[in-house]
Amino acid sequence: MRRIPVIATLLVLVAVGFMIALGFWQLGRLREKEALLAHYAGAQHQAKEVDWPRDAKGQADLLYRHARLDCAAVTGHSSIAGRNAKGESGAAQTADCTLADGTKALVVLGWSRLPMAAGGWSGGEVQGVIAPGPRLVAAPPLAGLEANAIPDPAEIPNNHFAYAVQWFVFAATALVIYGLALRKRRAT
């Protein structure tokens, strides 16, 4: 009967411990993400309109709130993949805005089947919903475009539980494989 290899056993146990720790870390992230999503869901239903956030902290706290801004100058137009209010895929038309105080804002003007359909919009007052990015999704749409899908925090994935299970399965698999290797070693 052979002795159990000490160094290999320690390495496997350290790796398994690390995988279990990652699983518990993902469970902690799950709770954090659930709290964040609940905050966003509550923000989505607040009727009071807010000003466009001027800093990163304000942007994170005000996601999914109704907001308003005044685009003093448009510095560029582009389009990104997006959906309209009916759920159809197409191009969300955007404008890079500079506000009166120099703050920058990305405004999603509306939706079209074709890219670059709103190149003529030159700015003005915009109201809508603050979406991740951050960007202000105009509601109602501007520049003769169709309405975009309203940003919904329910679309944010929360797969931390699946990741936790994955790490626990990896740990269990490592133990089983190592156990089988030890068994085979003893048999030889």
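Trainee: Where do W167 and F170 lie?
Mentor: Both sit in helix α3 (residues 160-187), 3 residues apart, about one turn of the helix. A helix here is a DSSP run of H or I with at least four residues, a strand is a run of E with at least two, and both are numbered from the N terminus.

Trainee: What should I keep in mind about the model?
Mentor: It's a predicted model, so local features need pLDDT of at least 70 and side-chain atom pairs count only at pLDDT 80 or more, while totals for chains, interfaces and linings use all residues. Residues are numbered from 1 along each chain as its sequence is written, and side-chain values use heavy atoms, with hydrogens and water left out.

Trainee: Why is W167 called partly exposed?
Mentor: Buried means under 20% relative accessible area, exposed means over 50%, and partly exposed is in between (1.4 Å probe, protein chains only). W167 has 27% relative accessibility, so it counts as partly exposed. F170, with a relative accessible area of 39%, is partly exposed as well.

Trainee: How many aromatic pairs are there by this rule?
Mentor: The count comes to 3. The rule takes rings of Phe, Tyr and Trp (its six-membered ring) whose centres lie within 6.5 Å; planes under 30 degrees apart count as stacked, over 60 as edge-to-face, and the rest as tilted.

Trainee: What makes the pair of Y40 and Y64 tilted?
Mentor: The centres are 5.0 Å apart and the planes make 50°, so the pair passes the distance test and falls into the tilted class. This pair links distant parts of the chain: Y40 is in helix α1, Y64 in the loop between α2 (56-61) and β2 (66-71), 24 residues apart.

Trainee: How do you know whether Y40 and Y64 are buried or exposed?
Mentor: Y40 has a relative accessible area of 8%, so it's buried. Y64 comes in at 4%, so it counts as buried too.

Trainee: Why is H45 called exposed?
Mentor: Its relative accessibility is 66%, so H45 counts as exposed. H45 is found in the loop between α1 and β1. H45 and H66 are 21 residues apart in sequence and 9.0 Å apart in space, C-alpha to C-alpha.

Trainee: How do you know that C71 and C97 form a disulfide?
Mentor: A disulfide is a pair of cysteine sulfur atoms within 2.5 Å, and these two are 2.2 Å apart. The S-S torsion is about -100°, so the disulfide of C71 and C97 is left-handed. C71 lies in strand β2 and C97 in strand β4 (residues 89-98), so the pair ties together parts 26 residues apart in sequence. Both C71 and C97 are buried.

Trainee: What makes β5 and β7 a pair?
Mentor: Two strands pair if DSSP finds at least two bridges between them. Strand β5 (residues 104-112) and strand β7 (residues 135-138) have 2 bridges, in the parallel sense; in β7, the bridge partner of V107 is L136. Strand β6 (residues 124-131) runs antiparallel to β7, joined by 4 bridges, and A131 stands opposite R135 in β7.

Trainee: Why are β1 and β3 said to stand at the edges?
Mentor: The 7 strands form an open sheet in the order β1-β2-β6-β7-β5-β4-β3, with mixed pairing. β1 (50-51) and β3 (73-83) each have a single partner strand, so one side of each is left without a neighbour in the sheet.

Trainee: What kind of peptide bond joins G133 and P134?
Mentor: A cis one, with omega about -15°. P134 is in the loop between β6 and β7, and in that hairpin, which has 3 residues between the strands, G133 takes a positive phi near 140°. Another cis peptide bond joins A139 and P140, with omega about 10°; P140 is in the loop between β7 and α3.
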